[in-house]
Amino acid sequence: MSEAVLDWWEYHEGRRCALAAWHHHRQRADGERPSFDGDEARERLRSLAQQQWPAGQDTWTAGPTEADLPERTRRLIASGATAIFRATITAGGTSLVVDVLERTAQGSWCAVLLSTRYGLDRFLVEQAALTLHVLQAAAIPVAGVHLVHVNADYRKGEGPIEPDAFLVRRSLTIRAARAKARVVSAMAVLTDIAAEAVPPDVPRGTHCRACTFTDRCVETLPADWTGRYPTEAGTSADVWLARGYERMGDVPADEPMGAPRRRARLASRTGRIVVAPALPQVLEACRPPVWYLDFECVWSLLPVFAGTAPAQHVPFLWSLEHVDDEGRLTHLDEIVPPGPDPRRRMAESLVEAVGAYHEPIVVYGDYEAERIGELAVLFPDLAPALERIRGRIVDLLAVIRDHVYDLQFRGNFSLKAVGPVLAPGLTYRELAIRDGLTAARAYARLLYLPEVTPDDVETTLADLRAYCERDTLALVDVHRTLMNLAQGATMTAEGEERYPELRV
């Protein structure tokens, strides 16, 4: 057995799944694992936090890819540096990066962990405990371990962000000391596992759905694998898997389960789409003529606009499709170029577009309704019109989740999962932007990066409009399929109509 040295991320992933730690360790050894330090939000937070140590020195000054970061850290400790950023230390069988090593007046060191979270949780306590262990194993005198995290109550003023108001500092020293023995013991177990040449045999379960390595462990399993299925009160899917019910159709009929799981079980046993008998009645609330609405928002851990909170979602683009009673489609959209706060224009233009109508507005999830509610609070003069618009909203996600199940949903009711099944002709493949997170980041770059050119702005705004329009068209197509299902017919990917016989 070869010796293994795990880092913090491998420990964190290993607490959820030892197989994930094994894979992450090998990726790092082969130089294939992505750097989590490159996250844009974390880097902006780091730059802001480091202003509190103006004399601090960064081990990455000569570049983060060099192999001598631990030696560079040791030299800075010996040189009398008052603060060291991204101190890399390997000791006690563990390698980790400390965001800030702060020298105290007595010559000892305080380790400062920088978190993008809003408070304290087990994740951070265990990180503090492991940091304490590594510093002590490296014979570095430790005065304490502190946490610097985002103040959730902060609201940006007209000027730059004030680090002292935006960040909260608290001591984790006592908690770290209490948790250290438990964390070190768990790390020792994971270290032995990571050193093995063959991966550990870990039972697959619901934890696999959020794993980086889902494609290796779960994607090859059947579409009706029990671990995929809707989470609800009652028996955990992990309990069913432990009992040997590998496919949802294996679960006995007398097992307690709600309607979503019953539909999933019936779809597994028959291989057919399952439709609740109430679907036609529910769809009566959104028959054409009807609008379809999708928002794109930017959110930044470091707020950009005055009055906004950390990571607050600020709409900058809406897209609308209208289907009249003869099936004719009309597209509208509004996008605000980067610059001043876009929310007033978003609210006004939405009221201008749909405020005079009484037709239903179809969305997917509660995101649009929440944003409209926030705009109504922000702009009291527009609140009556915005609240009327919000009152016309019909959530297609709730309709599908409560009335329809197809095996190819694979337990996921997001539009990106449901769309290819219910609207197979619609694709995002040729688009430059294909998901909401990429859209938010693309707009944020226009706000943050000083080297952005007018051509960059024009291209990015066009890409954002194309993506948002595609999401809205997906709503149109999914809704059309649901109406066909309500009448007993749907369309396969090959263009063939099929008629579901199963109703539960």
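**View 1. Side-chain reach of R155.** The side chain of R155 comes to 3.4 Å from the backbone oxygen of D153. The R155 side chain also reaches the backbone oxygen of A152, at 3.2 Å. The model shown here is a predicted one.

**View 2. Setting of R155 in the chain.** R155 belongs to the loop that joins strand β6 (142-150) to helix α6 (163-166). Leaving aside residues up to four places away in sequence, R155 touches G307, T308, A309 and P310. R410 lies 255 residues from R155 along the chain, and the C-alpha atoms of these two residues are 40 Å apart.

**View 3. Length and start of helix α17.** Helix α17 is made of 13 residues, 436-448. The distance from its first C-alpha to its last is 18 Å, close to the 18 Å expected at 1.5 Å a residue. At the start of α17, a side-chain oxygen of D435 reaches to within 3.1 Å of the backbone nitrogen of L437.

**View 4. Buried residues of helix α17 and their cover.** Which residues of α17 are buried? They are A439, A440, A442, Y443, A444 and L446. Among the elements that cover these buried residues are β9 (290-298), β10 (314-323) and α18 (454-486). In an α-helix there are 3.6 residues a turn, so residues three or four places apart point the same way.

Notes:
Residues numbered from 1 in each chain as written. Predicted model: local features only at pLDDT ≥ 70, side-chain atom pairs only at ≥ 80, totals over all residues. Heavy atoms only, no water. Helix = DSSP H or I, 4+ residues; strand = E, 2+ residues; numbered from the N terminus. Contact = heavy atoms within 4.5 Å. Polar contact = N/O pair within 3.5 Å; in protein donor to acceptor, adjacent residues only side chain to side chain. Expected span 1.5 Å × (residues − 1). Buried < 20%, exposed > 50% of the residue type's maximum accessible area, 1.4 Å probe, protein only.
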